[in-house]
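Reader: Could you walk me through how some of the helices pack in this one, and then what sits in the interior?

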Amino acid sequence: MGPRGQDDEKDGRTAPTSGHDRPAPPSPPGPRTAGNGAGPGTGEHRSGAEPDDAREHPPATDGNEDAGSGREGADDLHEGAGTDGSRGAVSGSGDAAGAAGESGGVPDGGEGDAGRSEGAGGRREGVDGEAERVAAVRRVGAVGRRWRGAQLVACAALLAVAMTGGAIALGTGRAPAVQPVAAGAVDPGVLGGGDLDASITALQTHLRAQPKDSGGWATLGLAYVEQARTKADPSRYPQAERALRRSLSLAPDSDQALAGRAALAAARHDFTNALAYADAALRQNPYSERALSSRIDALVELGRYAEASTAARTADARKPGVPVFTRYAYVHELAGDVTTARRVLEQALAAASSPGDTAYVATQLGQLAWNQGDYKSALTCYARALAADDGYLPALEGRARARAADGDRAGAIKDMEALVARSPLPGPLVELGELYEARGATGDRARARRQFALVDAWTALARANGVNADLDTALAAAEHGDRRAALRAARAEWARRHTVHTADALAWALHVNNRDREALPYARRATATGYRNAAFRYHRGVIELATGHRAAGRASLASALRLNPGFSPLGAARARTALEGAE
């Protein structure tokens, strides 16, 4: 599933928690001092527990830039602006997507904050009949009004055909219920339960009556960020930005809005600004759970792992709960400490007090088990997650991957088709395409090509709405697209952040461009933290063989297959072939 604790993208969903009756996680090695989180290994930046000393600050234009206009975010309160994803759905062919509806749109001058659920229930009929999908554009077409190029219109059409055809087959073409709301303060917890679309409608209704409610605007902004994630619809990010800016124009020191800006920046993969906004929020409220969590995410995604570990200890001391526990576990997993990661997640699952918490944590446990090749445990965890929330898409994705690895290719394809029909993100699209290629039935090569083309469509849509999609581009294009483009994207992402994931992406992009000697140091760096990832080991082994390090290459390939023998529908078979050829 890729990196967790931010997008996985991944990732992870910040589940709402009650804040009560939660045991603290096991203490990490070394002394732990409540309330400060200071300790060794903090690097050049101290933890968010000391917010007055934070170095980064949010962009100076934020918070007051449009304070006098009174209009920032108001256009997003019109009926339908944020409910089912479009103001005017269009039925018919995919060619109509570019003209579909009107959207909250892409602002002419966004601030550049660059960066998981809707139900996957229902019965899918005729999953192989992709050519007959009905292209009733519901949400991707909603960005058409602002797009100025034929390429983006075509991308919208392509995504619309994939998304809405599957949604109709799954029985999800219904309009969301509208929930009435009193013209009083809106609790941010409204996002934690029920229909997110209905919650957004309720917030919009409230803000029409109370347009100066800064907290309401902040909650609406966060709701748009969540909607973008659950629907794989980056066109929501500009709406989120406007709502959060409106909140800050009314209350420049609002920790809720600043934490919202951190979440938005992370969603757009702009982790430098995510860290800056999280630090700013923590200066106002050192106990903000969202800001503490966003701070860990940003440090992880910037590759500042020692500081992320310190930030996780600080967050644990200040605001123990499911969002913090899962991030605490991931920091340990990245360091190769799977035992601690599993123990913390099991404790978090035992403490889960809502279906959302249960689904979220059980899915993280499932992914941890899958990474170690324990498919039986992974499937058990995903079953628990889906029993708690049958619409939790990360659990559906995890189950598909576990089924594929365990030999149930048909079940994996069914799950992944249902997933991409609802949330066509690059990772699942590539996985489904590779499952089709591995199956090799009549028409599967064409089906696979369509999934890979959708990656390009999503990438174009994402970039049009301020999302940095270079890592997604590098990973997909290296295997199934323009290899030179993959290398350009990987280099650009490495220039921004040095993580194990960006090191692996750059190493593989260099390899597919026949630059193995240059790739080797990055492949070694990707595995240097102890993170147990079979794909990383496979990539390293192939590159080692290509550079004449045959013993090391055989060892890396064998290690990948021992760790997770079904880590990829195509990669695992290629790893076996490469290992056999190196004997």
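Author: Gladly, and we can start with a helix pair: where α7 and α8 cross, the crossing is left-handed. Please keep in mind throughout that this is a predicted model.

Reader: At roughly what angle do the axes of α7 and α8 cross?

Author: The axes of helix α7, residues 289–301, and helix α8, residues 305–318, cross at roughly 165° and come within 8 Å. Since angles over 145 degrees count as roughly antiparallel, α7 is therefore roughly antiparallel to α8.

Reader: And which residues make the contact?

Author: From α7 the contact takes Leu 292, Arg 295, Ile 296, Leu 299 and Val 300, while α8 brings Tyr 305, Glu 307, Ala 308, Ala 311, Ala 312, Ala 315 and Arg 318. Sorted by class, the residues of this contact are 9 nonpolar and 3 charged, with no polar ones.

Reader: Moving on to α10 and α11, how far apart are their axes?

Author: The axes of α10 (residues 338–351) and α11 (residues 355–371) are 9 Å apart, and the two helices pack at an angle of about 160°, which means that α10 and α11 are roughly antiparallel to each other. The crossing in which α10 passes α11 is left-handed.

Reader: What classes of residue are in that contact?

Author: The contact of α10 with α11 has 9 nonpolar, 2 polar and 2 charged residues; among those that meet are Leu 345 and Leu 349 in α10, and Val 361, Leu 365 and Leu 368 in α11.

Reader: What do the buried residues of α20 pack against?

Author: They pack against α18, α19 and α21. The buried residues in α20, which spans 516–526, are Asp 516, Ala 519, Leu 520, Tyr 522, Ala 523 and Ala 526.

Technical notes. Residues numbered from 1 in each chain as written. Predicted model: local features only at pLDDT ≥ 70, side-chain atom pairs only at ≥ 80, totals over all residues. Heavy atoms only, no water. Axes fitted to C-alpha atoms, helices over the stretch in contact; angles between N-to-C directions. Helix = DSSP H or I, 4+ residues; strand = E, 2+ residues; numbered from the N terminus. Parallel < 35°, antiparallel > 145°, perpendicular 65-115°, else oblique. Left-handed = near helix turned anticlockwise from the far one by under 90°. Contact = heavy atoms within 4.5 Å. Nonpolar A, V, L, I, M, F, W, Y, C, P; charged D, E, K, R; others polar. Buried < 20%, exposed > 50% of the residue type's maximum accessible area, 1.4 Å probe, protein only.
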